[in-house]
Amino acid sequence: METEELTNVVLKALDEIRPFLNSDGGDIKLISIEDGKHVKVRLEGACTSCSVNQMTLRAGVETTIKKYAPQIETVVNVA
């Protein structure tokens, strides 16, 4: 998958999860995709101080991204 296509797919995945984050006062922003398999995102708003943000990152964000782009190996939050 080309870099631009992969970026669009990851953005589509984030658009799917965004309403759930927004409903709790949070949001998410794509920072980068490295080597075509490592995604860096930034949780924003209420998500930055939420006690379950790591669970949200793994169970929600990472799972959704991998559904759209199975080649993605890691998803990390950068503060």
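Ile-65 is in contact (heavy atoms within 4.5 Å) with Val-10, Ala-13, Leu-14, Val-39, Ile-72 and Val-75, leaving aside its neighbours within four places in sequence. The model is predicted: local features need pLDDT of at least 70, side-chain atom pairs count only at pLDDT 80 or more, and totals for chains, interfaces and linings use all residues. Residues are numbered from 1 along each chain as its sequence is written, and side-chain values use heavy atoms, with hydrogens and water left out.

**Core**
- The largest nonpolar core has 19 residues.
- Such a core is a set of buried Ala, Val, Leu, Ile, Met, Phe, Trp, Tyr and Cys residues joined through side-chain atoms within 4.5 Å.
- Leu-14, Val-39, Val-61, Ile-65 and Val-75 have the most contacts inside it.
- Two or more residues each come from α1 (3–23), β1 (26–34), β2 (38–45) and α2 (53–68).
- α1 gives the most, with seven residues.

**Fold**
- The protein chain has two helices and three strands, in the order α-β-β-α-β from the N terminus.
- These are DSSP runs: helices are H or I with at least four residues, strands E with at least two, numbered from the N terminus.
- Of the contacts with a separation of 6 or more, 48% join residues 24 or more positions apart.

- The C-alpha atoms fill a box of roughly 35 × 20 × 20 Å along the principal axes.

Note on methods:
Buried < 20%, exposed > 50% of the residue type's maximum accessible area, 1.4 Å probe, protein only.
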